[in-house]
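Trainee: Please walk me through this structure. I would like to learn how to read its features.

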Amino acid sequence: MKSESFVKSHLIRYKWQYLFGTILLSISSLLQLQIPKFLETFADHVEASTLTQTILIQLAIYITLIGFGIAFFRSSGRIFIFRLSRILEKKVRRSLFTHWVKMPSQYYNKQRIGDLMSHAINDVNLIRDVAMRGIFLTIEAFILITVAVITMAITINVWLTLLVILPLPGLTYLTYKFRLQIQERSTKVQEAIGHLTSTVQEFCSGIRVVKSYSQENHERQRFKRDNQHNVKANQQLILTNSMFNSISIGIVGLSYLLSIFFGGLLVMNGTISLGEFVAFNTYLSLLIAPVENLGKVINTLQRGWASNIRLRNILNTEPEVKDESMVQEDGEVHGEIHIENLSFSYPESNEVALKNIHLTVPRGSSLAIVGRVGSGKTTLINVLTRMYNPPKGTIFYDGRDIYEIPLKTLRKSVGIVPQENFLFSSTIAKNIAFDPEHYSREDVAEAAKLSQVYNNIIEFPKKFDTPLGERGISLSGGQRQRVSIARSLIKEASIFIFDDSLSAVDGETEEKILQGMKEKMNEQTTIIVSHRISSIKHADQIIVMEEGRIAERGTHESLLKEKGLYRRMYEKQTFGHENIIGD
Ligand SMILES: Nc1ncnc2c1ncn2[C@@H]1O[C@H](COP(=O)(O)OP(=O)(O)OP(=O)(O)O)[C@@H](O)[C@H]1O
């Protein structure tokens with residue numbers, strides 16, 4: 001796939017600003033190239049014994065002014081170009097995040113958090129680096145090298161110039177090659193530090209487990225190994241750095257050797273003056289850094305392009321779950337659900353997770369789904385909420401195919417409490433009112449009351465403003481679950497789905513939550529997935545899932561009469577003192 005360059009379009013978009021930055025940088029580089037001229041004048045005066053105090057003061061003033069000029073134009077150019085590159089960084093990172101927000105949750109099942117972080121941080125930084133140091137160093141190197149070499153060749157000696165610049169491409173190549181190795185080894189150092197950090201972090205977090213299983217020795221050994229690995233990685237980096245420094249000093253030294261030896265000969269036979277010899281060597285010293293920088297730039301461009309391709313590939317990924325092109329932006333979902341011969345397999349999976357499901361849930365009624373672990377309960381919820389795409393013509397809300405309903409409407413109409421209750425590191429109130437709609441304090445309190453967590457919250461000193469997360473308090477499993485339930489109940493939804501989300505609350509609280517909902521929401525349709533028969537026995541309709549199929553259906557009473565799987569579950573839980581349906 002052809003990847004458009006982020007930097008190229010950025011350069012086109014900000015061409016005038018970049019031109020201005022280039023002009024500032026060019027002035028600074030041209031000023032730098034004046035220094036050898038002053039030194040030439042100085043040396044020629046010394047050689048001719050014509051150096052006076054006035055000339056010396058004049059030269060000192062010129063050099064000082066030039067120095068200020070260089071500092072001013074270089075830093076202005078730098079600020080200008082670096083500032084533009086930060087705009088690019090912000091834009092790329094924003095488009096990446098905007099894209100990720102659009103991606104369905106199934107996309108995240110295939111991603112590792114570390115990779116996503118690396119794209120958002122490292123890849124974006126590398127692209128910014130091309131627009132930042134890449135452009136800055138290229139402009140500077142181009143002007144300094146071209147002007148210095150031409151000046152050396154024309155104004156001093158063309159053969160001497162050709163001779164001394166001969167080893168310099170070797171310096172560019174060496175910088176490029178060694179930089180690759182240095183980066184590789186720096187990454188290993190980072191990884192080693194990462195391992196060390198996570199070992200310490202895991203040790204601290206799991207200290208209770210470590211102590212209770214007497215694993216201190218094992219942990220010490222693990223730390224020793226990671227610590228040693230870190231030292232080794234650092235030693236290798238030091239070795240590469242030292243080798244690079246030694247070889248580059250050798251190449252630069254060779255250029256100076258040629259310059260001093262053959263330049264000295266030219267001074268001795270009167271071809272060039274002492275001043276020209278001094279100026280020549282000063283030009284040479286001005287060339288070294290840009291020549292080395294070219295190697296860095298090639299490397300930056302190479303890595304930046306790899307990041308460009310990676311990010312373009314991410315941004316070109318179409319979300320699997322999205323609105324159909326002809327979907328109408330209107331209507332609401334009232335709550336009647338109809339499922340017609342639904343079979344479903346997860347993408348990239350050969351197993352059929354749902355088989356021939358037929359089901360109707362009238363508006364305002366309750367459906368309970370029970371079944372063994374892995375029988376397809378969550379999968380059914382996943383396709384009902386279009387977390388995954390069901391086949392067309394299989395799921396209907398109020399008679400409309402799910403594909404005819406905008407995702408926004410569907411999400412607004414369906415309040416879901418998922419199995420894993422994730423809370424953000426903000427306040428309890430913000431966690432409950434986590435919705436595009438605006439909710440008042442009363443709404444938040446009402447939802448908390450309904451989910452039976454209100455009394456817990458008001459016992460905290462900051463009540464609903466209590467912060468959660470790393471710097472806040474930690475809630476118990478049951479409290480977390482109930483805050484998560486409150487987040488769903490605050491919505492003006494017409495369908496509520498509880499995916500095994502009452503498991504961490506005791507039976508009595510569960511009863512209160514369900515009772516409260518029943519009283520308040522007789523218009524809404526509810527779907528409860530549960531392993532506990534006690535949670536669902538009052539449901540209008542109960543289905544028992546078995547290997548992706550509906551194995552049994554009915555009410556609590558009718559299912560008990562069937563003497564099938566449901567009855568066995570019930571008996572196990574009622575008389576076997578088990579809360580969880582076993583395999
Ligand atoms: N993202 C996925 N990709 C592929 N297969 C999946 C995925 N999620 C679930 N499955 C498979 O689909 C089948 C049904 O899983 P599902 O999560 O729906 O079961 P469940 O009845 O909800 O189980 P539990 O009671 O443990 O929540 C299982 O075989 C499971 O391995």
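**Strands, helices and a ligand shell**

Mentor: Pairing requires at least two DSSP bridges between two strands. Strands (E, at least two residues) and helices (H or I, at least four) are DSSP runs, numbered from the N terminus. This is a predicted model: local features need pLDDT of at least 70, side-chain atom pairs count only at pLDDT 80 or more, and totals for chains, interfaces and linings use all residues. Residues are numbered from 1 along each chain as its sequence is written.

Trainee: Which residue in strand 10 is the bridge partner of I543?

Mentor: R553 is the partner of I543. Two residues lie between the strands of this hairpin, and E547 takes a positive phi near 45 degrees.

Trainee: How do I read helix packing?

Mentor: Two packed helices are described by the angle between their axes and the distance between the axes. Here the axes of helix 6 (residues 113-156) and helix 7 (residues 158-165) come within 7 Å and cross at roughly 145 degrees. Axes are lines fitted to C-alpha atoms, for helices over the stretch in contact; angles run from 0 to 180 degrees between N-to-C directions.

Trainee: Which helix gives the most to the shell around the ligand?

Mentor: Helix 12 (residues 377-384), with three residues.
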